[in-house]
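Dear colleague,

Please find below the structure that I am handing over to you. My findings follow it, arranged by topic.

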Amino acid sequence: MCGIVGYIGPKEKKEILLDGLQELEYRGYDSAGIAVIQGEKLNNFKAVGKLKNLREKTKNYTSKGFGISIGHTRWATHGKPTELNAHPHLGAYSYVVHNGIIENYQELKKELQQEGVTFLSQTDTETIVHLFEKYHNEGFAPFEAFQKMVERLEGAYATLLITEAAPDTIFFAKNGSPMLIGFDGEEVYFASSDTPIIGRANEVYYLEDGEYGYVQNGKVHLFDGNGEKAFQTQPLIADKAMAQKEGYRFFMEKEIYEQSRVMGETMMGRVLEEEIVLDELNADFFEGINAIKICACGTSYHSALTAAYLFERLAKIRCDVEIASEFRYKDPLLSNDTLFVTISQSGETADTLEALKMAKRAGLKSLSICNVDNSSIVRESDTAILTRAGIEKGVASTKAFATQTMVLWMLALYVGQVKQTLPQELLKEEIDAMLRTPKALVVTDELHAKLHRLSKRYLHGHGFFFIGRDIFYPLALEGALKLKEISYLHAEGYPAGEMKHGPIALADAELFTIALMPKTMHYDKIKSNVEELSARDATICAISPLPFDLADDFVQTQYSSHPMVEFFEMMVVTQLLALEISVRLGNDVDMPRNLAKSVTVE
Ligand code: G6P
């Protein structure tokens with residue numbers, strides 16, 4: 001996730017870009033840059049780190065008078081957060097900014113390199129600008145060249161391009177990633193969301209996927225697959241705080257809704273039709289590795305527990321999981337044939353980082369799965385796979401968990417692939433299920449309304465038990481953690497089959513059981529476990545695709561073709577339930593008491 005701003009008009013462009021990027025910093029802040037063409041003069045500035053570094057770098061630069069300009073704040077997906085990898089990317093005479101992932105960039109890059117183009121960065125974005133210049137150099141007019149370039153791009157993009165070949169024009173294209181156009185008379189703005197243009201533009205047009213075009217002389221020319229088209233602008237809302245949350249009440253709510261889309265980004269270029277491709281890992285990365293140990297904290301620990309089932313079942317490789325703070329002081333026995341995996345949303349969690357350092361000292365190969373490039377854990381690991389969830393603001397982690405689990409599922413398949421322990425047929429089935437996941441993560445109005453309604457019945461009682469079996473046990477742990485984090489009610493996750501060995505003593509009408517009852521995994525077993533609880537008068541809320549008579553409340557899920565697809569759909573249900581209970585209790589959903597997003601102390 002990155003942020004984009006563009007402006008064409010007579011005003012001081014530097015200020016418009018920097019102020020706009022400031023509003024988008026929540027989308028990424030590992031580097032930023034701007035490019036301005038004014039008359040014949042082209043200026044470009046980039047800086048690593050937060051926007052204030054770019055402000056400092058540009059403090060003596062002014063850009064009043066008619067001109068065109070683009071800016072970008074980056075959240076790395078391809079290539080480290082360095083100045084060379086920061087946008088705007090330069091060709092010979094053009095600049096481009098981009099948000100999204102160009103899925104076929106390697107193929108395009110190879111083609112351009114064979115034609116003699118030199119690449120300066122490791123980004124997928126740089127291919128856009130070289131592709132444009134290639135067509136322009138072949139004799140196509142700037143817009144024709146841009147059009148030809150757009151036709152070649154696969155994947156997600158919101159992109160702006162400026163070129164000395166057309167110094168009064170901004171070219172734009174959108175597919176999958178957000179972008180809008182703001183209007184104030186003859187002045188035209190571009191941005192990834194409303195906030196940068198609030199107070200500047202008064203009308204707005206939200207670009208649709210597949211639309212592209214250019215702006216010149218205060219007029220926007222909009223195209224799609226069928227040629228030039230008319231469009232209708234709408235008045236711009238004026239509330240910035242509201243705009244940052246994109247209409248949702250809380251960041252956590254926005255992040256729950258985003259999961260379907262970001263899952264697509266996590267898979268992009270990695271999940272192919274019959275194969276998992278992880279560019280981050282060398283071909284021999286798993287050579288000599290016979291076991292996997294995962295260390296993590298909190299929610300990341302729960303994705304690790306899920307992964308342990310997947311590694312053993314799918315890849316036939318031994319996997320064990322430890323809470324990082326426990327691992328650190330237990331004098332663990334470590335051997336060199338074990339891959340040490342750390343999972344962390346922030347990449348800064350002190351206990352996880354220390355566990356990693358210990359494993360490295362013991363000579364283990366390390367891999368991190370992380371949402372933040374260049375974080376301490378990523379830097380410390382031999383290699384890292386980024387989860388591409390975009391910045392997560394709600395303290396209670398949602399989309400980070402979803403994308404971690406997805407990456408781990410991919411990794412399990414990848415290991416099965418390279419170690420040849422996973423039959424091709426099964427791999428294909430798993431990949432098909434993976435590709436269906438984004439659909440199962442869509443939050444429908446009916447589902448949200450149902451959980452809103454149900455939530456009023458779960459505001460009291462003496463506790464919650466979330467129960468599940470197999471991978472639904474870690475999901476039960478995660479569901480319970482979400483609930484306690486933001487509702488402050490007591491909740492526990494438990495393996496369903498273990499309830500009879502103690503916790504069932506707590507069962508009465510005031511004990512709320514949230515039962516995860518997937519159709520594709522041990523349905524009859526968990527059904528019996530729930531029946532035992534029901535017989536002791538516990539209040540049961542069943543989440544299942546199959547109707548269940550004994551449930552006091554029932555949330556029917558839609559997808560029941562594969563355990564992981566069921567897993568992700570049920571995950572959304574538990575997240576929304578926690579959210580709605582918290583809202584009813586009047587708690588601060590995004591910043592719950594006593595917690596921190598990133599815990600950098602032991
Ligand atoms: C804190 C956060 C949790 C998170 C845990 C691990 O406790 O509040 O949401 O799961 O740290 O964080 P990490 O960034 O390493 O995933």
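This is a predicted model: local features need pLDDT of at least 70, side-chain atom pairs count only at pLDDT 80 or more; totals for chains, interfaces and linings use all residues.

**The parallel sheet**

Five strands form an open sheet in the order E17-E16-E18-E19-E20, with parallel pairing. Its edge strands are E17 (318–323) and E20, each of which pairs on one side only. On average, neighbouring strands of this sheet are turned by 20 degrees against each other, direction ignored. Strand E19 (residues 365–370) and E20 run parallel and are joined by four bridges; Ile 369 stands opposite Ile 385 in E20.

Residues are numbered from 1 along each chain as its sequence is written, and side-chain values use heavy atoms, with hydrogens and water left out.

As to terms, helices (H or I, at least four residues) and strands (E, at least two) are DSSP runs numbered from the N terminus. Two strands pair if DSSP finds at least two bridges between them. Axes are lines fitted to C-alpha atoms, for helices over the stretch in contact, and angles run from 0 to 180 degrees between N-to-C directions.

Two helices lie across this sheet. Helix H8 (residues 298–315) lies across strand E16 (291–296), E17 and strand E18 (338–344), running at about 165 degrees to E17. Helix H10 (residues 350–361) lies across E16, E18 and E19, and runs at about 165 degrees to E18. Contact here means heavy atoms within 4.5 Å.

**The antiparallel sheet**

An open sheet of eight strands shows antiparallel pairing in the order E3-E2-E4-E1-E10-E9-E11-E15. Strand E3 (41–48) and strand E15 (234–235) are its edges, each pairing on one side only. E15 pairs with strand E11 (residues 203–206) in the antiparallel sense over two bridges, and Glu 203 stands opposite Pro 235 in E15. Helix H1 (residues 13–24) lies across E1, E2, E4 and E10, running at about 155 degrees to E1.

**A pair of helices**

How do H12 and H17 run relative to each other? The axes of helix H12 (residues 399–418) and helix H17 (residues 563–584) come within 11 Å and cross at roughly 170 degrees. The two helices are therefore roughly antiparallel (an angle over 145 degrees). Phe 401, Ala 402, Thr 405, Met 406 and Trp 409 in H12 meet Met 564, Phe 567, Phe 568 and Met 571 in H17. The residues of this contact comprise eight nonpolar, one polar and no charged.

**Pocket and cavities**

A pocket is an open set of points on a 1 Å grid over the protein atoms alone, with protein on both sides within 12 Å along at least five of seven lines; in a cavity, a 1.4 Å probe fits but cannot get out, and lining residues have an atom within 4 Å of a point. A volume is the space filled by probe spheres set on the points, which are joined across faces, edges and corners.

The largest pocket has a volume of about 720 Å³. Of its 30 lining residues, Thr 77, His 78, Tyr 105, Asp 279 and Glu 280 lie nearest its centre. Helix H3 supplies the largest share of the lining, four residues.

There are three cavities of 30 Å³ or more, and the largest cavity holds about 80 Å³ of space. Its lining includes Cys 2, Arg 74, Asp 124 and Thr 125.

Yours sincerely

Notes:
Angles under 35 degrees count as roughly parallel, over 145 as roughly antiparallel, 65 to 115 as roughly perpendicular and the rest as oblique. Ala, Val, Leu, Ile, Met, Phe, Trp, Tyr, Cys and Pro count as nonpolar, Asp, Glu, Lys and Arg as charged, and the others, Gly among them, as polar.
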